[in-house]
Structure formats: structure tokens, C-alpha cells
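Subject: Handover of a structure and notes on its contents

Dear colleague,

Please find below the structure that I am handing over to you. My notes follow it, and I would ask you to read them with the structure open.

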Amino acid sequence: MNVRAAAANVLFQVVDKGQSLSNALPAAQQQIRPRDHALLQEICYGALRYLPRLESIANELMDKPLKGKQRVFHHLILVGIYQLSFMRIPAHAAVGETVEGTKDLKGPRLRGLINAVLRNYQRNQEQLDEQAVSHNAGKYGHPSWLLKLLQQAYPEQWQDIVEANNSKAPMWLRVNHQHHSRDEYQALLDKEGIETSLHPQAADALKLAAPCDVTKLPGFEKGWVSVQDAAAQLSLDYLTPQDGELILDCCAAPGGKTAHILERTKDAQVVAIDCDDSRLKRVHDNLKRLNLQAEVICGDARKPQDWWHGEQFDRILLDAPCSATGVIRRHPDIKWLRRADDIDALAELQSEIIDAMWQQLKPGGTLVYATCSITPQENKLQVKAFLERTKDAQLQGSESDNPGRQILPGEDDMDGFYYAVMTKKA
């Protein structure tokens, strides 16, 4: 399939049909040549980062919007504008290949229209670009509700957050301590000509100077290393798991934190639970590649009585379902799939889960509440409310008026993440 046509299909599935990019993109990659996978990804990610800007330009160039069965061709136009605006592809190739995409999308009659729109953009690009960023949505590439939330929650940092969200995320590795130390594995990468740098806190983390295919990483298939953002790796520092303990990783899929706990402990009994059976397949796959063992359970975290009849846990890592507003740079579709009222609904769900998990924690045990969100409602306000209603909970490592640690996107080149550590009074 023509790569531009495939990209238009992905945008249509995400923006118009509400499908996640992580589902739509792999399906589209199966329809194109492997050598074009990176190009498809670049177009889709980039177009979603700058969607309002591209939409503004397209609307200015069209007499009337394309609707119904022609809607996918609107997204083909966005694909063309994105290439001309942000990519180094020669203009004639960008226009020509985009126009050719009409064949695979079964709309050859629209060749002339799409060609005319893109040529018109070329002629008037400077003026159209300036006009497209004259409003906040086009300038910052975020929906108005999210921009307002960021401005209210982070009056001094919101522009830095927006900039980080619209940037490309680096590739972080987690070195499996059972095979090599971080420094030993870094030396192996050096021999392969793969440049890396260290993280100031995450002891097993290495950042690649440039992303690469995992097949080029020494021993990847043997479980020597995994791909995981440094912020997610910090979960181990807050959980501090010990040898021989009974540990629960709640809402565990895809299993990166489960694996990290097992890599860093001996004889720990780790239970990984998630409510999504399809996502648990990735937990099994990751454990198999790393040659690690955990008890993997499909269940509702709000109802542990339905899936757990053993002892209370020494430690619980609760990586709660959240808005994922901290990982927008990795998943730009989040900006367009989330809605303002999602936040309150998620906060209510998180509240139910944390109450249920607390009952499964031993006296003297530790619970780490974590999200990949940056909204106060899901993080510090959530923990504040929990502490107020839970008399045997003690906050560790932070002040009760500002509980936990909020990592913002781009901090030490990490994703946005939140951690709060609480212990249960014995």
C-alpha cells in the first residue's frame, strides 16, 4: 500500500474513529513494505503532534470540508501538508506520492483536488503557516481543555510541558542486573558503536543518543536489556523490594515494572494483575524473553476478593489507570482521544482501586501509588484524599500538603510520572 494512503487511514482511525495509535499503526504497517515502517510512523506521529495547525491550513484551502466516505481524503491532505511543513522530503515527491495515495484509497477522482490544495499550500506556505499559529490550538498543538488544565496546574512550567509533549521521546534502556551491570552493558554498546548516556537517579537506565532497532542491541533476545523510560524505572527506587517478599504489581501490563522487580530481587514471589487479558499477553511475552517467573492474573483491581485468597502483600506497586497525560510525547494521540470529563472518572476509579489495594497490604507494608499522568486530580489530590480517609496510612519521603513526587515531561529527559510512597501502620 502507498505509505501516504496508509498514514491517512491511520489518522482517520485515530481522529475520527477514536482508535488508539498503538492499535492503528501496527495494523497499517502490515500493509506496507518493512522499509517504509519508519516513514509511516514519522508521518503519523508528526501529524498528530501538530493536528490543529494542519487542520487550520487544510480548512483555509478548502471551499468545503470532505465528509462521509470522502473523510479519509481530508486526512490524506493533512499527510501532504505535514510533509511539506516538517519533513525533508523534496516537495515534488511529497506532493506526488500523496496524490498517488488516492488510488489505494479508491478515490482517483480526487487526485486533482488534492494536488491543487497541496500546490496552493506550497505557493502560500508562509502566510498560511503564520495564520495557523495565530490561535492557541495551532500554536501549542493541544486541545483547549488540556491547555487550560496545564496553565492552571503549572502556571510557570506549562509552556515547557507543551514543548516537551510536542518533542520526540528518547529511547531509554533498562539493563537486566542478572546479566550485567549498567556500566558493563554500556561497554558492550560502545563496542557496537551505540552511544549512550547515564541517568542521575535510575541505576539501570541508559539513554541512546539515537533510537535503534532492538535487534541491534547486544543480547536483547537473551533478556540482557529491555526498553523502558527512566521515569518508569524509578518505580524500583520507591518500592525498594526485598529478597523473599510477597509483592503485588497491580495494573501490571505490559509488565516492565514486574520484570524489573524480579531482575533486582532473589526468591521474591511476584504477582502481576491486570484487568485486560489481551494486554496480559505482553506480560507473558516479556517474562518469557527475560526468563523470569511471576504469577500473572487477570482480574479487577477493585475486587481483589475475586482473584486473591493468599496472604497480604509485603509491598504493592499500584500503577493506576490514568489519563496518560505524562506520556503524550510517546503517544500524541492521547491529546485527541482524551476528554476533560475523563479526568474525574479516572480519579474516581483510582480512588476505588487504592482503597481495595490497601486492604491487601500487610501492617508495616509499603504501597507505592504511581501514574503516568501530570494532572493534580489523579496525583497529589488523590493521595491527599486517601491519607485523610485512611488513618493507618503514613506518607513517606514527602510532605502531606504536597505529597509524592511529580515528574514533568522532559525532566532529565524522562516521561511525566508521579510517585507517592505510603506505609501501613503496624
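**Salt bridges**

K168 counts as exposed, because its relative accessibility is 57% and the cut-off for exposed is over 50%. Please keep in mind throughout that this is a predicted model. Which residue does K168 pair with in a salt bridge? The partner is E42, and the closest N and O atoms of the two are 3.1 Å apart. E42 belongs to helix α3 (residues 37–49), while K168 sits in the loop between α11 (158–165) and β1 (172–175), so this pair ties together parts that are 126 residues apart in sequence. E42 itself is partly exposed, at 22% relative accessibility.

As background, side chains of opposite charge can pair when their charged atoms come close. In this model the count of salt bridges comes to 24.

A second pair is formed by D229 and R329, whose closest N and O atoms are 3.6 Å apart. This pair, too, links distant parts of the chain: D229 is in the loop between β4 (225–227) and α13 (230–233), R329 is in the loop between β8 (313–319) and α17 (334–337), and the two are 100 residues apart. Are these two residues buried or exposed? D229 is buried, with a relative accessible area of 8%, and R329 is buried as well, at 2%. Both belong to a network of salt bridges that links K207, D229, R329, R330, D413 and D415.

A further salt bridge joins R405 to E411, with the closest N and O atoms 3.2 Å apart. Here R405 counts as buried at 18% relative accessibility, whereas E411 is partly exposed at 29%.

**The annotated site and domain**

An unreviewed UniProt entry lists C372 for "active site". Where does C372 lie in the chain? Its place is the loop between β9 (361–371) and α19 (380–389). With a relative accessibility of 17%, C372 counts as buried, because the cut-off for buried is under 20%. Leaving aside neighbours within four places in sequence, C372 is in contact with C322, A324, T325, G326, V327, G416 and F417.

T375 lies in the loop between β9 and α19. T375 is buried, with a relative accessible area of 0%. Again leaving aside neighbours within four places in sequence, T375 is in contact with L149, S323, T325 and I343.

The unreviewed UniProt entry also lists residues 161–425 for "domain: SAM-dependent MTase RsmB/NOP-type".

**A pocket and a helix**

The second largest pocket has a volume of about 180 Å³. Its lining consists of 13 residues, and those nearest its centre are Y154, K380, N402, Q406 and Y418. By class, six of the lining residues are nonpolar, five are polar and two are charged.

Helix α10 (residues 144–153) has as its buried residues W145, L146, L147, L149 and L150. What do they pack against? Their partners are α9 (136–140), α11, α17 and α18 (340–358).

In the loop between α18 and β9 you will find Q359. Q359 is exposed, with a relative accessible area of 53%. In sequence Q359 and F313 are 46 residues apart, while in space their C-alpha atoms are 9.5 Å apart. Apart from neighbours within four places in sequence, Q359 is in contact with Q312 and K424.

**Backbone features**

Most residues other than glycine have a negative phi, and most peptide bonds are trans. Where does the model depart from this pattern? The peptide bond from A253 to P254 is cis, with omega near 10°, and P254 is found in the loop between β5 (246–250) and α15 (256–263). C251 is found in the loop between β5 and α15, and its phi is positive, near 65°. C251 is buried, with a relative accessible area of 15%.

K106 also has a positive phi, of about 60°, although it is not a glycine. K106 is found in the loop between α6 (91–104) and α7 (111–123), and it is exposed at 74% relative accessible area.

Yours sincerely

Note on methods. Residues are numbered from 1 along each chain as its sequence is written. This is a predicted model: local features need pLDDT of at least 70, side-chain atom pairs count only at pLDDT 80 or more; totals for chains, interfaces and linings use all residues. Side-chain values use heavy atoms; hydrogens and water are left out. UniProt positions are given in the numbering used here, feature names are shortened, and annotations may be inferred rather than shown by experiment. Helices (H or I, at least four residues) and strands (E, at least two) are DSSP runs, numbered from the N terminus. Buried means under 20% relative accessible area, exposed over 50%, partly exposed in between (1.4 Å probe, protein chains only). Contact means heavy atoms within 4.5 Å. On a 1 Å grid over the protein atoms alone, a cavity is a set of points where a 1.4 Å probe fits but cannot get out, and a pocket is an open set with protein on both sides within 12 Å along at least five of seven lines; lining residues have an atom within 4 Å of a point. Grid points are joined across faces, edges and corners, and a volume is the space filled by probe spheres set on the points. Ala, Val, Leu, Ile, Met, Phe, Trp, Tyr, Cys and Pro count as nonpolar, Asp, Glu, Lys and Arg as charged, and the others, Gly among them, as polar. A salt bridge is a side-chain nitrogen of Lys or Arg within 4 Å of a carboxyl oxygen of Asp or Glu.
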